[in-house]
Amino acid sequence: MEQQKYWQSFGELNKLNANQSAAKDEFQEDLPFEMDDKGLLDVKTPRRDFLKYMGFSTAAAAIAASCEMPVKKAIPFVNKPEDVIPGVANYYATTFVQDGEAVSAIAKVRDGRPIKIEGNELSPITRGGTSSRMQASVLDLYDTSRLPYPMANGKEVSTFDAFDKMLAGDVAGIGAAPVVLLTCSVTSPTTRQVIGQFLTKFPGSRHVQYDAVSYSGMLLANEASYGRRAIPSYNFAAAKVIVSLGADFLGSWINPVEFNKQYSIGRKIDEKNPTMSKHIHFEGMMSMTGANADERYSHRPSETGSIALALYAALGGAVTAPALNTNLQNAVRKTAGLLTGNRGAAVVVCGSNDPNIQTIVNGINASIGANGSVIDWSSTYNTHQGIDAEFTTLVNDMNNGAIGALFIHQANPVYNYFDSKRFADGLKKVKLTVSFNAKMDETTELCKYVIPDHHYLESWGDAEIKMGQFSLIQPTIYPLFKTRQWQDTLLRLSGATTDYLTLLKQYWGGRLGGDAGWDKALQDGVITPGSSQTSTRTVLTAPTSGAPDTTRSAGTVPPVFATTGAQGAGFNGSGIAQAANAIGSAKKGGKTELVLYQKVTMGTGQQANNPWLQECPDPITKATWDNYATISPALAKSMFGIDLTKNGDTDAYEVHPEKPVIKITANGKTLELPVIIVPGTNADTIAVALGYGRGTNAISDSNDESDDRINKARQNIGKAGGAVGKNAYPLVAFNGVTRDYILPAVDVDKAGHNYKVAQNQTHQTYEDRTEVVLETSLPQFRAKPKMFQERREELHKDFAPNTENFEKEATLYPLFPKPGIKWGMSIDMNSCTGCHACVVACTVENNVAVVGKHEVTRAHDMHWLRIDRYFSGNLDNPSVVFQPMLCQHCDNAPCENVCPVAATNHSSEGINQMIYNRCIGTRYCGNNCPYKVRRFNWSDYMGADSFPDNQRGILTDASMMMNDDLTRMVLNPDVTVRSRGVIEKCSFCVQRLQDGKLKAKKESRPLKSGANGEYDVKTACQQACPTDAIVFGNVNDKQSTVYQHRADNQGRLFYSLEMIHTLPNVSYLAKVRNTDTPVQIGEVQETVGGHGEKEMEHQDGQEKK
Amino acid sequence: MTRDRRLTKTLIKTLILNLVILIFSFSNSLYAQNGQALFSQNCASCHAVHKDLTGPALAGVEERWGDKDRLYAWIRNNQAVLKSGDKYANELYLKWNKTPMNLFPNLKDEEIASILTYIKSVPDPKAGGNAAGAAGATAGQQDGGDNTLLYGILTLILAVVALILLQVNSNLKKLSDEKEHIPSLEPVPFWRNKAYIAMFTILLFCIGGYLTVKGAIGLGRSQGYQPEQPIYYSHKVHAGTNQISCLYCHGGAQESKHANIPSLNVCMNCHMAINEYNGKEKIYKEDGTEVNGTAEIQKLYKYAGYDPAVSKVWDPNKAKPVEWVRIHNLPDHVYFNHSQHVKAGKVACQTCHGEIQKMDEVHQFSDLSMGWCINCHRTTQVQFKENGFYSIYQKFHEDLQNGKIDKEKGITVEKIGGTECQKCHY
């Protein structure tokens, strides 16, 4: 049987020359010597000069070093707080809030500075899960472009009192004209109370909630179907069949951290009885969630409604199924069969913002019994409440001059409203404009007053993420700048005498039983259902057209997910026929269609100035620092003449970072973006990520690219995020009711020029070694559960014919004992969804440098942990496998043998140690590493040494941002900041391991690594992972989770490239796809001859067969 | 015989008596020694035996209280005694400006007894009697003298003698040659003698090389560094004379990677009451100038913003931190954790910091070089049997049992991976 081919790049797929020569060198660049053909002696820097300079620099260094040591001061506290011990970290429970989204978090505070965010394991919603944006949010606190003081008319106001006086005067001046408070979705019950007070003070005023990415369609459809304008809870863990119609629920849809956690529960496999959920995905583009699907069907985005209708019809719904192509018809039939077969354990989710489509989806869910099983109406989300019509009315009112004052908090319509020009024009007609936004963003720039709000790590607050499930926010640092909580400003304006903190304490003190209850809740960070009985939605006085959803009676205790049965709601199908008609008469797709999506790392663009997020590659395209148009291989061929099966074309497209630029025109607006070819994209679909191009469209609704504007964007938004990529929000369509992120007809054209995109998919290749990933299908696995185990045993027999002791016999080197602890990691590839939370967590924990776009194009990216994305199958609809790849800490490590100075060596605990202060930068280790996980500091990225020449000319402003005194506050003081010229790589978070061991020693007990769910150590990636794909611990401890994980999953266990006898300490569990299409798995090759030949044979055999 | 028997009897009697006395005094001193430890652990931060600190001098405390039970109750929970309306207790409380005393509910009767025994055993310094101790200390210091100089001089003398003998030898040879009429060359003076020049060059090279290498290795090290501090703070007075536990001020050493220089509030705990230095011993700077201890306390008050003449209560808001000069510095690429050594390893502070209780001004005792760390890790045993963490090293436990591992050498830090790079560099 031929082995299924896995490829990271098109060059790899087609075995192209340029790609192979690139793969040969770990470090593709020549040394920075100016060489010509005259020979070494005659080059511009000959040997003698070199010796002269070396002699001089040695002497200079000796003189410099022998000078007197600098005097260092040690300044203790004046009055040390009792719970602070310098050098010991404190942990505070708080909540990550952004754009309405809220996730319970724990902030690690070291010597007064928050330096790391973890998930709160007590949260019944996310249970310790995090996302890449949440992990990176700690850097936003130290953002150099935050507004440091309140401003009026663009000038600093020295004190809050002066500001309040000015503002109060202006507020009095607007007379009886209505006041509008424009915010993102408000989840905080106390803030709602504050808003209530504020609105009562100003009669005729109202509160408008505006979400950057709208969920109005769903809210309205649910109102029509269930009588409640709300989004119910989903529990993917309870679903055996998950059907997604373009909903990127693992990446960006509603609450991805929670969904990742639930989804992974259904993807864990018990070997004794292998079952798993089945995930069917219909979409136009290739999304991260689609990449995880068991079965994925690509279609034109405009067909989403038709597919929903066809599915509903196939399930017996009283609608006529529209025409679809055969492939989709079959898919719908099959899906409908699965849904009916799993009644009560199946769900259909849809990412569309069209209320008609969502109404049909509601109909489907009602007919398959999802309500009450997977969908829980007893607890609805507060994170997305914005109704587009309300905002449209507001924009109209503003333009009519009917608004007296506009207060804006965490809303930025000038940037992310499609008709931003109209909003900006309206803003000019409002007498008083006040912004609470933390930055001089696009909207704030046009406001009269700015009083920046605290960062969430500086704030007090609370969040009701779902109805009845609360999470508290407490400050972890004294405010860095002269900022004030926006609630305090509102309270002052409403004439209240108390401040927000007092109000918050009173509110919760009353509900939690006084100070003790409040303290306990603060410590836990979450208030679990049952401990409080609060109905918080009654204070809203917003004159919304529909009835507010106060249907939940006070006193009902919403269940914790997955423990008790979910509640359903009465479904009212009267809207179905009308919705079906609307879908039927909707505009048919044009030649090319456009999808606007959110990247898992960038979201709506609020965190654009976060260099960690900018440098974190997209899971699918592996591109950094830009947005782009993803197109299908077919479109690439027809439009740009790039034929991926042709050598020269692929080289030209792939090896060079320059990508052809496409011009997209829709609704009279154009956007020029580079193209990235993504296999699996529907032939006529283009996808563009939102959240980029910050600061470039302040006044007009197109991207303004004058130098002035770009400079201003970099100054206002920040060096890392200002004017990076293009703003795609102006292209968002409006169908009269809701904003739509699918454009059925756009015009495309070649722009005629190229643009560099920093992609790292061609970096770090495996030189054709194929056994890096292993995959099978569920039926195959059921039939042969020992398949992979037998392969391993066969391999061991081949290499160790005498003793069958693979470890010992297959090498010349001796085995070294690991008497105490032996660290090991096991990664379940079936759970990993490719969300990249671990990548950012690793960057934060280990002070990994940001190198900037230019350096990424030169393959100089520094991530210690990367997530490799493999395609397999055909170009039109390939399968995708994600594999987290980090240092494998090989017990027989190829890198250790080649280091001339023993700067990398092995510890008795099984760690491959990298010693920076010993490294002389030969990079032999990096070349010899089969997994390509070693990173070289080509430059002084973090300002670790004192020679400015090590940065000059190499680093861009964006990476220099990490060299600012303010930004450097985020560095982990327990990890050395590496200087230029040394190699670095994953250390298994050795600082955490040492800390955990010390904790155990102080308590005089053995290390806990998972027995009874207790951990002394967790690596940063393990802790960040929302799907618990990464397990880590002491392998010598038979109670540890990692030992159990390996023992329980012998059938799927494999080591990457095991045949080269590196003896990794990182193991993987093979991916299992719940599909009937079998996955081809190559057989282990019969081997002859010595070890070297064996390995070659092994490799070649698989290719030839 | 009779005489003998009497002698034996007397001998036995004396022996028994001696034994009894010995046991008595021994047990007594044991008590007192325990008491001393307990005293410095619990009491010393606020009390001295013969001097009023934050709390009253404790000499004669038993006589003052009279009733043993009342005193014990007071020590354990003074607040309860105060509440019970005890007259003496309340008077005392008022006399000491209502400064509350810490509670020690966990002290056992024997422990309190041993503290009191210790208090009784401390002689009043005003009565003299310190002379012997001082003399002993001086004698001890001379004992540890260095013989390098002596050897050096001896070597030099021997070298000169050898040189002279060589000269004499050559002169004699010349004389005898002359006598036997063997023609000899004009003697080469020794500064042009090639053998001498070669010898000298080699010597110079060796010495020069040694000094260069030593200097290069020593770059960035600062053994003996003894900067002048903003306040003349004598560790000898605090940790030596007054027996304050190191951890009272440097509590971080138990819990953190940093031992931590105490914050001002720790200083002020005691120095709100102690506003003058009246120790018997005078204190001197390194250069021999005498230091006025009271003036140094005044410097502290200035930093603390505390003026006893204005208010007896210290307001930390008026204080500004003292900028101490850091003495012990490690390079940034080294991770060192105090609690690892002090709490887990049970290493005494003095092992690395020297006899800090005898230093007026602190200097860097060890060179803090990597070789110094490694050497200690090679020889120091971990708390292998005592600490439950090491129970997972089953093989080593067995080997210790059956003698495969030398019991004397034991399980050293090195043995469990304590000399691997990434124990300190990450």
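The structure is a predicted model, in which local features need pLDDT of at least 70, side-chain atom pairs count only at pLDDT 80 or more, and totals for chains, interfaces and linings use all residues. Residues are numbered from 1 along each chain as its sequence is written, while chains are lettered from A and ligands numbered from 1 in the order in which they are written.

Chain A holds 35 helices and 43 strands, taken as DSSP runs numbered from the N terminus (helices H or I, at least four residues; strands E, at least two). Of its 1105 residues, 57% are buried, that is, have 20 or more other C-beta atoms, placed from the backbone, within 10 Å of their own. Among contacts (C-beta atoms, placed from the backbone, within 7 Å) between residues at least 6 apart in sequence, 74% join residues at least 24 apart.

Confidence is given as pLDDT, the predictor's value for each residue from 0 to 100. Chain A has a mean pLDDT of 84, with 88% of its residues at 70 or more. The pLDDT is below 50 over residues 531-565 of chain A, a stretch with 57 contacts beyond near neighbours in sequence in the model. Residues 1084-1105 of chain A also have pLDDT below 50, and that stretch has 25 such contacts.

Turning to chain B, an automatic or database domain assignment gives domain 1 (2-122), domain 2 (155-182), domain 3 (220-366) and domain 4 (369-426). The C-alpha centres of domain 2 and domain 3 of chain B are 63 Å apart. Helix H9 of chain B (residues 194-217) has zero buried residues among its 24, so it lies largely in the open.

Note on methods. Buried ≥ 20, exposed ≤ 12 C-beta atoms within 10 Å, placed from the backbone. Contact = placed C-beta atoms within 7 Å.
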